[in-house]
Amino acid sequence: MRRIQLADNFTFSQFIQGYWRLLDWDLTPVQLVNFAKQHIELGVTTIDHADIYGDYECEAVFGQALKLAPELRQQIELVTKCDIKLVSDKNPQRQIGHYDTSAAHILASVDASLTNLNTDYIDVLLLHRPDPLMNADEVAEAFNQLQQAGKVRHFGVSNFTPMQFDLLQSRLTGKLVTNQVEFNPMNMQCSADGTFEHLQMHKVAPMIWSCLAGGRIFGEDSAQANRVRATLTQIAEEVGAGIDQVIYAWVLKMPCNPLPIIGSGNIKRIQTAVESSAIKLTNEQWFRVWVASNGHNVP
Ligand SMILES: NC(=O)c1ccc[n+]([C@@H]2O[C@H](COP(=O)([O-])OP(=O)(O)OC[C@H]3O[C@@H](n4cnc5c(N)ncnc54)[C@H](OP(=O)(O)O)[C@@H]3O)[C@@H](O)[C@H]2O)c1
């Protein structure tokens with residue numbers, strides 16, 4: 001597995017394991033330890049969480065596994081996120097979902113994540129969604145405090161536009177190490193709105209969420225999904241691989257050094273995902289997917 005350098009003496013595995021759907025996998029703590037060991041064995045050592053996953057429960061379920069197998073902590077890089085405030089039974093006073101990038105919320109959220117994950121440090125903390133009310137100076141102050149306290153080693157963002165990224169970066173002493181964004185054959189926005197060019201320019205590797213469009217590519221009955229699926233099926237035959245592998249190869253062809261986050265809880269699918277890094281698509285194959293997605297030829 002290729003390792004991608006994000007900062008001095010700090011790397012991610014090229015493929016990352018996403019834990020958003022952890023509760024759907026219905027694993028006992030022992031089964032979860034085995035699952036984590038299996039993907040680590042495949043070289044997938046970077047793990048993506050968020051405070052809100054599973055209605056605020058996924059981090060604690062993972063923390064239980066780390067309690068059972070504390071040796072795993074040294075073998076992984078833990079990513080988690082903050083700033084979304086969900087309407088939830090856990091916060092009955094909240095009337096509406098919203099974002100909160102105040103220093104008080106960031107600091108409290110990290111303390112809760114550390115407790116839930118059963119760890120004393122987070123490798124990378126991401127702001128989950130851009131907040132129109134974000135005061136970049138205040139966020140920078142919170143990040144400094146967290147780093148000085150040894151609670152968080154590196155920082156990044158998710159779903160940020162280039163301007164939002166630059167604003168926050170302009171107030172920080174350290175470099176934002178990633179922008180976690182959606183990119184797949186059903187949603188190519190980041191390749192068209194300057195997001196990927198901006199990251200390539202700054203040598204920041206993006207983490208890519210929902211590479212398989214959350215599984216919609218396999219079953220959705222829409223004109224776009226049907227076109228994309230037909231084209232992927234043809235290319236899969238040409239390169240002798242599965243559709244999912246062609247999609248990962250298509251994502252990996254982007255020159256901005258993308259790091260796909262795998263959403264599956266099925267270890268066989270994780271293995272085939274990892275093996276897709278050996279598949280090299282031609283530019284023409286890449287553009288056939290582009291045409292299928294857009295429903296028209298390039299201008
Ligand atoms: N920053 C953000 O705003 C944000 C947003 C969303 C997600 N994320 C992160 O990105 C990670 C990945 O997102 P995602 O879960 O949407 O990824 P995804 O890979 O696009 O979708 C995963 C889903 O597709 C299904 N799937 C995979 N291969 C399949 C196949 N061959 N046939 C049919 N279904 C298949 C999986 O089911 P099985 O489990 O049965 O394989 C799973 O339900 C998340 O875990 C989370 O860490 C971040």
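Biologist: Which residues of α2 meet which residues of α4?

Modeller: In this predicted model, P29, V30, L32 and V33 are the α2 side of the contact, and V61, F62, A65 and L68 are the α4 side.

Biologist: What makes α2 roughly perpendicular to α4?

Modeller: The two helices pack at an angle of about 80°, with their axes 9 Å apart. Angles of 65 to 115 degrees count as roughly perpendicular, so α2 is placed in that class relative to α4.

Biologist: And what classes of residue does the contact of α2 with α4 have?

Modeller: It has 8 nonpolar residues, with no polar and no charged ones. In soluble globular proteins, nonpolar side chains tend to be buried together.

Biologist: Staying with α4, why is G63 called buried?

Modeller: G63, which is found in helix α4, has 2% relative accessibility. Buried means under 20%, so G63 qualifies.

Biologist: Which residues is G63 in contact with, leaving aside its neighbours within four places in sequence?

Modeller: Those are N116, L117 and N118. G63 and N116 are 53 residues apart in sequence, yet their C-alpha atoms are 5.7 Å apart in space.

Biologist: Happy with that! Now the largest nonpolar core: which of its residues touch the most other members?

Modeller: Of its 61 residues, they are F15, Y19, F62, F183, F196 and W250. Elements giving two or more residues to this core include α2, α4 and α11, and α11 provides the largest share, 7 residues.

Biologist: What does F183 touch, not counting residues up to four places away in sequence?

Modeller: Quite a list: among its contacts are F196, C211, W250 and W286. There is also a second, separate core of 25 residues, including A142, F143, L146 and L172.

Biologist: What about C190 and its closest cysteine sulfur?

Modeller: That sulfur is in C256, at 8.6 Å, so it is also too far away for a bond. The structure holds 0 disulfides.

Biologist: Are C190 and C211 buried or exposed?

Modeller: C190 has 8% relative accessibility and C211 has 1%. With the limit for buried at under 20%, C190 counts as buried, and so does C211.

Note on methods
Residues numbered from 1 in each chain as written. Predicted model: local features only at pLDDT ≥ 70, side-chain atom pairs only at ≥ 80, totals over all residues. Heavy atoms only, no water. Disulfide = S-S within 2.5 Å. Buried < 20%, exposed > 50% of the residue type's maximum accessible area, 1.4 Å probe, protein only. Core = buried A, V, L, I, M, F, W, Y, C linked by side-chain atoms within 4.5 Å. Helix = DSSP H or I, 4+ residues; strand = E, 2+ residues; numbered from the N terminus. Contact = heavy atoms within 4.5 Å. Axes fitted to C-alpha atoms, helices over the stretch in contact; angles between N-to-C directions. Parallel < 35°, antiparallel > 145°, perpendicular 65-115°, else oblique. Nonpolar A, V, L, I, M, F, W, Y, C, P; charged D, E, K, R; others polar.
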